[in-house]
Amino acid sequence: MAIPLFKISKLLTEYDITIKLVLPTWILTHIPISGGIHFVDLQVMDTTEQVWTLRYYTRPSGNRKYPVFTVGWLKFVRVKCLRVGDELTFYGHQVRDADGELQMQYEIQVTRTSNVTYQGEPISLDVENFL
């Protein structure tokens, strides 16, 4: 099993599920964008092993350099029926391709607090369990 190079966990906000997903700025060191462009389309695998194309974007200028997911994100939100308060985990790790070259692999999971409890505490389940 690969060790994640980075891992983001955040509770989804109204803005995240209606406009675009805002990512922490420290992610820029792990997914840099160079060459005068301001976006890259990432192939991201969910817990069912479906691959989603999510556009990772940063503003070309100004003091708001925060990265976001734009194109593809709202489709993911609709298909997974995401809600405010769901917890998103996004991480990347390196894997070797067929030629032995290291490539980045991105994965995403979203969990939701359920009515199921363990020792009196509610547990979180993958949103796939709510579809």
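The dialogue below takes up the overall layout, the strands and the cavity in turn.

Trainee: What should I know before reading any value?

Mentor: This is a predicted model, in which local features need pLDDT of at least 70, side-chain atom pairs count only at pLDDT 80 or more, and totals for chains, interfaces and linings use all residues. Residues are numbered from 1 along each chain as its sequence is written, and side-chain values use heavy atoms, with hydrogens and water left out.

Trainee: What does the protein average in pLDDT, and where is confidence lowest and highest?

Mentor: The term pLDDT is the predictor's confidence in each residue, from 0 to 100. The protein averages 90, and 94% of the residues score at least 70. Strand β8 (residues 121–126) has the lowest confidence, with a mean of 90, while α2 has the highest, at 98.

Trainee: How many helices and strands does the protein have?

Mentor: Helices (H or I, at least four residues) and strands (E, at least two) are DSSP runs, numbered from the N terminus. The protein has two helices and eight strands, in the order β-α-β-β-β-β-α-β-β-β from the N terminus on. Its C-alpha trace spans about 50 × 40 × 25 Å along the principal axes.

Trainee: How many bridges join β1 to β6, and how many join β6 to β7?

Mentor: Two strands pair if DSSP finds at least two bridges between them. Strands β1 and β6 run antiparallel and are joined by six bridges; I8 has F90 as its bridge partner in β6, and K10 has L88. Ten bridges join β6 to β7, which also run antiparallel, and Y91 stands opposite E107 in β7. The hairpin of β6 and β7 has five residues between the strands, and G100 there takes a positive phi near 85°.

Trainee: Are G92 and V95 buried or partly exposed?

Mentor: Both residues belong to strand β6, G92 and V95. G92 counts as buried because its relative accessible area is 0%, while V95 counts as partly exposed because its relative accessibility is 26%. Contact means heavy atoms within 4.5 Å. Leaving aside residues up to four places away in sequence, V95 touches E101, L102, Q103 and Q105. V95 and Q105 are ten residues apart in sequence and 6.6 Å apart in space, C-alpha to C-alpha.

Trainee: Which residues line the largest cavity?

Mentor: Rolling a probe the size of a water molecule over the atoms shows where empty space is left. On a 1 Å grid over the protein atoms alone, a cavity is a set of points where a 1.4 Å probe fits but cannot get out, and lining residues have an atom within 4 Å of a point. The lining of the largest cavity consists of D46, T47, F76, K80, I108, Q109, V110, D126, V127 and E128. Strand β7 (102–118) gives the most to this lining, with three residues.

Terms used: On a 1 Å grid over the protein atoms alone, a cavity is a set of points where a 1.4 Å probe fits but cannot get out, and a pocket is an open set with protein on both sides within 12 Å along at least five of seven lines; lining residues have an atom within 4 Å of a point. Buried means under 20% relative accessible area, exposed over 50%, partly exposed in between (1.4 Å probe, protein chains only).
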